[in-house]
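Biologist: Please take a close look at the sheet and at the core packed with it. I would like one connected account.

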Amino acid sequence: LVAFGSLAELRRQATLPVRLRVTVSAAAAAMAESPGGLAVSIVDARTLEIVCGIDEKMAVLRHLAAGTVPVADIDIQLPTLDDIYLHFSHQTTDVLP
């Protein structure tokens with residue numbers, strides 16, 4: 001398997017999801033504040049998980065910053081090098097006979 005580019009470039013090429021763990025005062029209230037069309041799930045009473053594309057990450061962060069629900073913390077989980085390797089290695093095996 002050969003891939004070229006920086007880690008950021010490979011993340012874009014792989015189009016793997018970005019996961020944002022958002023800690024708020026009330027997860028149920030924050031559900032109404034989530035950007036439309038994104039996968040949002042309640043992890044617990046104060047934590048949401050938003051799944052978006054790498055190109056949507058900044059728009060989601062701007063939306064959260066402008067929202068009416070106070071955000072206490074955000075943990076951004078980008079695809080790791082291992083995730084990217086698995087993604088591209090599965091593509092390669094899918095092409096082989």
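**The sheet and its core**

Modeller: In strand 4, Asp-73 is the bridge partner of Thr-23. This is a predicted model, in which local features need pLDDT of at least 70 and side-chain atom pairs count only at pLDDT 80 or more, while totals for chains, interfaces and linings use all residues. Residues are numbered from 1 along each chain as its sequence is written, and side-chain values use heavy atoms, with hydrogens and water left out.

Strand 1 and strand 4 pair in the antiparallel sense over 6 bridges; strands are DSSP runs of E with at least two residues, helices are runs of H or I with at least four, and both are numbered from the N terminus. Pairing requires at least two DSSP bridges between two strands. The open sheet has 4 strands in the order 2-3-1-4, with antiparallel pairing. Its edge strands, strand 2 (39-44) and strand 4 (71-77), each pair on one side only.

The largest nonpolar core has 14 residues, and Leu-20, Val-22, Ile-50, Cys-52 and Val-60 have the most contacts inside it. Such a core is a set of buried Ala, Val, Leu, Ile, Met, Phe, Trp, Tyr and Cys residues joined through side-chain atoms within 4.5 Å; buried means under 20% relative accessible area (1.4 Å probe, protein chains only). Strand 1 (18-24), strand 3 (47-52) and helix 3 (57-66) each supply at least two residues of this core, and the largest share, 4 residues, comes from strand 1. A second, separate core of 5 residues includes Ala-14, Leu-16, Ile-84 and Phe-88.

Note on methods:
Buried means under 20% relative accessible area, exposed over 50%, partly exposed in between (1.4 Å probe, protein chains only).
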